[in-house]
Amino acid sequence: MTTTLDSAPRVDVRGPRFVAWVTTGVLVLVLVTAAFSPVAAAILIGLQAVVFAIGAIGGPAKHPYGRIYAAFVAPRLGPPTETEPVPPLRFAQGLGFAFAGLSLLGFALGSPIVGAVFAGFALFAAFLNAAFGVCLGCQIYPLVARFRRHQAPAPN
């Protein structure tokens, strides 16, 4: 039996891990900056939210950090030995966008602690993927996809 993920476009796993390392660095910078200037932290997390949104909407091929990987890193590596499906990666970027958006909201509304906590959640997820290859969004994706398939159709 072929599932949707079996036929979904796939990418080299090294690309999303590179993206996760860059994201980890940006989010660490957000948290360090928040200690000195919540306004500067809000700007940085806002920029990262835009990056997450591009990744969620356009997928790995359009992701700004993914483009850097494709242009400068991938040509220096051998062919991929492992790939992963794109839909869970897009979903993970959407979760990152949600965390970054809530972080931005916290900073913008004058609650740097809320901003830092949600930036920390995003950092945890990014670092887990970067260091250990565990994509939390990708792990949650099958549950969400199953829930969407089993929803009853809306009444007319």
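Q: Which residues does Leu95 touch, not counting residues up to four places away in sequence?
A: Leu95 touches Gly137 and Ile140. Keep in mind that this is a predicted model.

Q: Where does Leu95 lie?
A: Leu95 lies in helix H5.

Q: Is Leu95 buried, exposed or partly exposed?
A: Leu95 is partly exposed. Its relative accessible area is 27%. Buried would need a value under 20%, and exposed one over 50%.

Q: How far is Leu95 from Ala125, C-alpha to C-alpha?
A: The two C-alpha atoms are separated by 9.6 Å. Along the chain, Leu95 and Ala125 are 30 residues apart.

Q: Back to the contact. How do H5 and H7 sit relative to each other?
A: Helix H5 covers residues 86–108, and helix H7 covers residues 136–149. Their axes come within 8 Å and cross at roughly 105°.

Q: Why give an angle and a distance?
A: Two packed helices are described by the angle between their axes and the distance between the axes.

Q: Which residues make the contact between H5 and H7?
A: From H5 come Pro87, Pro88, Leu89, Phe91, Ala92 and Leu95. From H7 come Gly137, Cys138, Ile140, Tyr141 and Val144.

Q: How many of them are nonpolar, polar or charged?
A: The contact of H5 with H7 has 10 nonpolar residues and one polar residue. No charged residues take part.

Q: Cys138 is on that list. What does a disulfide join it to?
A: A disulfide joins Cys138 to Cys135, with an S to S distance of 2.4 Å. The structure holds one disulfide.

Q: Why is the disulfide called right-handed?
A: The torsion about the S-S bond of Cys135 and Cys138 is about 65°, so the disulfide is right-handed.

Q: Are those two cysteines buried or exposed?
A: Both Cys135 and Cys138 are buried.

Q: Switching to H5 itself. How many residues does H5 have, and how far does it reach?
A: H5 has 23 residues. From its first C-alpha to its last, H5 reaches 32 Å. That is close to the 33 Å expected at 1.5 Å a residue.

Q: Which residues of H5 are buried?
A: Among them are Val86, Pro88, Leu89, Ala92, Gln93 and Gly96. Further along, Ala100, Ser103, Gly106 and Phe107 are buried too.

Q: What about Val86, how accessible is that one?
A: Val86 has 12% relative accessibility, so it counts as buried. Leaving aside neighbours within four places in sequence, Val86 is in contact with Pro9, Arg10, Val11 and Pro60.

Q: How far is Val86 from Ile140?
A: Their C-alpha atoms are separated by 14 Å. Val86 and Ile140 are 54 residues apart along the chain.

Q: What follows H5?
A: H5 is followed by Gly110. The phi of Gly110 is positive, near 85°.

Q: Which helix holds Val117?
A: Val117 is in helix H6, residues 112–132. Val117 is partly exposed, with a relative accessible area of 38%. Its C-alpha is separated by 9.0 Å from that of Gly106.

Q: Last topic, H2. What do its buried residues pack against?
A: They pack against strands S1 and S2, and against helices H3, H4, H5 and H6. The buried residues of H2 include Gly15, Pro16, Val19 and Ala20.

Q: How far does H2 reach?
A: H2 spans residues 14–36 and reaches 34 Å from its first C-alpha to its last.

Key. Residues are numbered from 1 along each chain as its sequence is written. This is a predicted model: local features need pLDDT of at least 70, side-chain atom pairs count only at pLDDT 80 or more; totals for chains, interfaces and linings use all residues. Side-chain values use heavy atoms; hydrogens and water are left out. A disulfide is a pair of cysteine sulfur atoms within 2.5 Å. Buried means under 20% relative accessible area, exposed over 50%, partly exposed in between (1.4 Å probe, protein chains only). Axes are lines fitted to C-alpha atoms, for helices over the stretch in contact, and angles run from 0 to 180 degrees between N-to-C directions. Helices (H or I, at least four residues) and strands (E, at least two) are DSSP runs, numbered from the N terminus. Contact means heavy atoms within 4.5 Å. Ala, Val, Leu, Ile, Met, Phe, Trp, Tyr, Cys and Pro count as nonpolar, Asp, Glu, Lys and Arg as charged, and the others, Gly among them, as polar. The expected span of a helix is 1.5 Å times one less than its number of residues.
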